[in-house]
Structure formats: C-alpha cells, structure tokens
Amino acid sequence: MVKFSTFSLIIILLCGLVKSAGPNRPRGVSISRAPLYPEGDTFSCLDGKKTIKFSQVNDDFCDCEDSSDEPGTSACSNGLFYCTNAGHRSKYIPSSRVNDGICDCCDGSDEYDSEVNCESNCLELGRAERQRERSRQELLKRGAQIKADLILKGKTLKTEKSNLLLELQQRKNEAEAIRNEKESMKKEAESLENEALEIYKELQEVEKREKQEKEALENKREAEETFEKFDSNKDSFIEVIEIQTRIAFDQNRDGVVAVEEAKYFLDEHDKVDREKFITTCWSRIKPYLMLDSGFFKPPKENDNAEVSEQNEIKTQSKEGANIVNTQTDDEDVNEFNDEKEEAELLNEEDEYNEDEPEEIEEENEGEVEETKPEPEYDPETQKLIDNANAARTEFHDAEHNVRKIDNEIKDIQESLNKDYGVNYEFATLNGECFDFEDREYVYKLCPFDKTSQQPKSGGSETRLGTWTNWDGKENKYSHMLYSNGASCWNGPQRSAIVELECGLENRITSVTEPNRCEYKFNFETPAACSFQEELSEENMEELHDEL
Ligand code: MAN
C-alpha cells in the first residue's frame, strides 16, 4: 500500500514539474540530459567537435555532426526526441518522427507544430499499465509463496533421497556380503557334488568304453563269419568271383555284379586275405548286406532324417548307384533279419524301461520339466546334488538382490544428479506428467524425463524428446530442452523446448511446432515465479528522471 501511495505522489509531482520544466531545457531533451544544454551564448555539440550559437539549438537546421543541436526537430537524420509522457513511461523516438503528422508520444509532444491534434492519453495508458503491473506483481507474489513451499518440498525430497541412498548403500554392502557367503557355500556344495558325480562319470566312461569294445568285437565277429561264408572255396581269400555271386553287390541294378562292382568291395584288389577283409573291406560290405536284408531301408523322398545316411552310402558306392532292395541271398537275409529282430526287441526293452521316468514326471506335475531323464543316484549323492541345487538357488537369489539394490541406487543417483534449480524449486516436478490436447494430438510432458505426442485418431505415441538440460539464454532455468526424440521422416530426430512461465499451478498452456519436428511447449509453474518487492529499477529511473 505504502508503495502505491508513494507512486501516486510521484505522478502528481511529476505532472506539476513537467509544466514548469519546459523553459529550463530545450524541447526534446530529458531532465537528466538538461545540464548538457546550459543556457548561454554558445552551445558545444555533444561530440565536442563544434561550438555554435545557443540560438542555433532547435532552429530546425542541423549544425552538429552528432545531431545534438536538434533534439526537438526533425532537422538531423540521426537525432532522438524525448517524450516526457508524464503519467506514463517516458521514451525516445527518432527525431525524424517529430511533426510528421503521426502521434508517437502519448503526451502528443512530438506533434507540437503539425496539423494533427494529438490527445494526451498518458494518464489512462499509465493507469492501465500500472494495473497490469500490479496484477503481475500480485501473481508473482502469490506464485513466489507457492514456490517457497516447493523449495521446502524440493529440499526435503533431496534430503530424503540422500538418506535413502546412504541406506541403500549400506544395504548393498550387506547384500554383497550375503552374496559372497552364498557364493562360497555354493562352491563348497558344488565341489562335493562334483566329487560325488565324478564317480558316476567314471562309471559312465567305463560303461561307454566297454560298450564300444563290445561293439568292435561284435563287428569283428560278424566280419569273420562273413569271411567264412563268402570264402566258398576255402582258400582263405575272398576273390572277385566270390563277391560276384552275391546279387546284393549289384550297385547299378543291372542284374549282374560286374567285376568292377565286385572289386570296389575288395578295395580294388582281385582278392583279399582275412586281415584285409576285416580291416578294410568289411566297412564297405556291411552296409550293402544290411540294406539287402532290409535292416535299414533306402530313404524315402523328403525324408531329411535319412538323407545323411543315404549320402554316406552313396559316397561308399563306387558309381553312386541308387540302391534298392530287390534280390536277396537267403542265408544273408535270414542272418540280418535275425539282427533286425534282435534290435527291435532291444528297442522294445528300451521303451519298456522308459516307462519309469514317465511315471516320475506324472508325480512331479507342475514342477520344472525335466528334458532328459537324470540317472539315478545313491541317496548320499542325491543329497549332495539337492544341497548344491539349493545353494545355487540361494546364491542366485542373493545375487538378484544385489542387482535390485544396485538398480535402485542408480535410479536415485540419477535423480539426485538432475539440476532442479538453484533452490530445488523444480524438484517436485520430477515424476509428474502433464497433458495438453490440441485438435490433432495429445501432448505429454513429464518434466526431467520425456515429452511425447499421441494422435487423437489412434496410433502409437511418438517420443518428441528425452530430458537433456536447461537451455535458457539469460535465465538458464527459463527453458528446458528435450532432445533425441523419434526420427522425423526424412529429417532430424524430434526435439522439444519447454518455456517456463510463472503461474499459480503446473500446466501446459500451449504446444506448437514452429519447425517440422521441433516442438515448443509453454508451461506454467509456480516454480518459475520470482517476486520483486519494488518496482523495477528501470521504472524508478524513468520517474526520477522527470523530478
Ligand atoms: C507426425 C507428427 C508431426 C510431424 C510429422 C513429420 O505426423 O509427429 O508433428 O510434423 O510426423 O513427418
């Protein structure tokens, strides 16, 4: 109140002074510059380059290079005319506008010698401006009160987050200690488990070796038997003719086993002894005998599973002939059919044995599915496996817990590292989102996070930018920059500037796209209010000027 009564007093005084000020200074000169025009015989141009008679000041003829002798006329091209504008804001206008028939000063002083009769409306304009200024100050004042609260909240948030960070760091240390302990327990349990399983592995190895040896022996036995069978003249050699008598070796299906065809099975020799037959020839002969006996069938078309087998046989077949089971040697057939039956029997046994794990699977319904049946272990070993499994789970959980705390720490650090203004006045905006709808889109602003745009007609959200930094020129905290948004078709990545203005509540007041894919948000928030108790220095200076 006191302030406005002082202001009114100044205005009244000012109005009175202006009338009497006229004769003390040349027209178009402000009070503050009046001492530069002392009344006397001469006048020195203000650039000091020339001295003229005082009567030449404002004589409508430009004498000084710096235009200083004609402040109140339009004689000099670069002169400035001072409008006192009592009751409103005083201002300078280019002196070329003096008496040009257009009212530039609200007190009409620039048209003192023209046809136009300018009305003096400075008082009304001044009153309206002062009213606007009062409302603005009122807004700033109320906004600043809310801002003070935001500052408190912001600082509290910061303290809370810093405390939480300390607590989390402590919890992380503890979680890491537990994780390390669980890791050693896991290693210990796994070492016992491995020790126990080692015995099983060795057993399995022995079994595997024994099986291989048995198979090798069996193979050799078959080879020897076949040798005996093929060696019809009992001269301890298998000759070409002895191969030719067996139609199973007719590779090209022409009904005859040619010499060349037969020699392929004897490793290109005319005859081979028992040793050569067993070590070299048998691997070529056996597949043909098996095929012939129907033990394995030639591949059907599109049967990929058998393609490799077919290729293998083709590679072995000298002429790459397509082998089909047509004619058979009765003896061989019987023998290999026996083998076949034996194998089928074995398979059936296998199937029968497989019933057991199936039953276990049913029992364990709902538990983790076993892909391959685990071998059975003795109770002691099983216990060690169970212990190791439990230790692995516990270690995994402990590690997961460390990672979880670590992520929380990262989030809080990231949040604490953001610049929320000199006094954390913007901190409460973090984590909030605000919408704005125009004709086409719903825009979203999540301060310190992102901006986006969603078409109202449907369709997905487009990211306009991610929080980058404060970007105000004079006042850093007047603009926010959100960059690296979704790429614009044939253009740059989208980005948005958010201009902050003082308002009593947080809200977006407008969104525009001044350039393609460059967006401008106007956002009101009490956090952007700064209240000035006194009139601005500039205003005071102008008023004082006239006193
Ligand atoms: C979408 C919107 C617009 C933008 C064009 C650019 O339609 O993101 O704001 O101007 O893409 O192609």
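The protein has 9 helices and 14 strands in this predicted model. It comprises 547 residues, of which 35% count as buried. Among contacts between residues at least 6 apart in sequence, 47% join residues at least 24 apart. The protein exposes about 33,900 Å², and carbon and sulfur atoms supply 48% of that area.

**The ligand and its surroundings**

- The residues surrounding the ligand are Tyr441, Gln453, Cys488, Arg494, Glu513, Arg516, Cys517 and Tyr519.
- By class, this shell divides into 4 nonpolar, 1 polar and 3 charged residues.
- Glutamate 513 places a side-chain N or O atom 2.6 Å from an oxygen atom of the ligand.
- For tyrosine 519, the corresponding distance from a side-chain N or O atom to an oxygen atom of the ligand is 2.7 Å.
- Arginine 494 also takes part, with a polar side-chain atom 2.9 Å from an oxygen atom of the ligand.
- On its own the ligand has 310 Å² of accessible area, and the protein covers 69% of it.

**Aromatic pairs and a cluster**

- A search of the whole structure finds 22 aromatic pairs.
- One of these pairs joins phenylalanine 434 and phenylalanine 523; it is tilted, with 5.1 Å from centre to centre and 55° between the planes.
- Phenylalanine 434 belongs to strand E7 (residues 434-437) and phenylalanine 523 to strand E14 (residues 518-525), so this pair ties together parts that are 89 residues apart in sequence.
- Both phenylalanine 434 and phenylalanine 523 are buried.
- Tyrosine 441 and tyrosine 443 form an edge-to-face pair, with 5.7 Å between the centres and 65° between the planes.
- Tyrosine 441 is also among the residues that surround the ligand.
- One aromatic cluster is formed by Phe227, Phe230, Phe249, Tyr264, Phe265, Phe277, Trp282 and Tyr288.

**A buried arginine in a loop**

- Arginine 246 is located in the loop between helix H3 (240-244) and helix H4 (259-265).
- With a relative accessible area of 11%, arginine 246 is buried.
- Its side chain reaches the backbone oxygen of lysine 229 at a distance of 3.4 Å.

- Asparagine 58 is not a glycine, although its phi is positive, at about 55°.
- This asparagine 58 sits in the loop between strand E2 (51-53) and strand E3 (80-83).
- A relative accessibility of 22% makes asparagine 58 partly exposed.
- Aspartate 267, likewise a residue other than glycine, has a positive phi near 55°.
- The position of aspartate 267 is in the loop between H4 and strand E6 (271-273).
- Aspartate 267 has a relative accessible area of 21% and is partly exposed.

**The loop between E12 and E13**

- Glycine 503 lies in the loop that runs between strand E12 (495-502) and strand E13 (507-515).
- At 2% relative accessibility, this glycine 503 is buried.
- Glycine 503 and threonine 525 are 22 residues apart along the chain, yet their C-alpha atoms are separated by 4.8 Å.
- Leaving aside residues up to four places away in sequence, glycine 503 touches Leu139, Glu524, Thr525, Pro526 and Cys529.
- Leucine 504 is found in the loop between E12 and E13 as well.
- Whereas glycine 503 is buried, leucine 504 is partly exposed, with a relative accessible area of 31%.
- From C-alpha to C-alpha, leucine 504 and cysteine 529 are 8.7 Å apart in space, and they are 25 residues apart in sequence.
- Beyond residues up to four places away in sequence, leucine 504 touches Leu139, Arg142, Gly143, Ile146 and Pro526.

Terms used
Residues are numbered from 1 along each chain as its sequence is written. This is a predicted model: local features need pLDDT of at least 70, side-chain atom pairs count only at pLDDT 80 or more; totals for chains, interfaces and linings use all residues. Side-chain values use heavy atoms; hydrogens and water are left out. Helices (H or I, at least four residues) and strands (E, at least two) are DSSP runs, numbered from the N terminus. Buried means under 20% relative accessible area, exposed over 50%, partly exposed in between (1.4 Å probe, protein chains only). Contact means heavy atoms within 4.5 Å. Accessible areas come from the Shrake-Rupley method with a 1.4 Å probe; for residues, only the protein chains shown count as cover. A residue is near a molecule or strand if one of its heavy atoms lies within 4 Å of it. A polar contact is a pair of N or O atoms within 3.5 Å; within protein, one must be able to donate a hydrogen and the other to accept it, and residues adjacent in sequence count only if both atoms are side-chain atoms. Ala, Val, Leu, Ile, Met, Phe, Trp, Tyr, Cys and Pro count as nonpolar, Asp, Glu, Lys and Arg as charged, and the others, Gly among them, as polar. Rings of Phe, Tyr and Trp (its six-membered ring) pair if their centres lie within 6.5 Å; planes under 30 degrees apart count as stacked, over 60 as edge-to-face and the rest as tilted.
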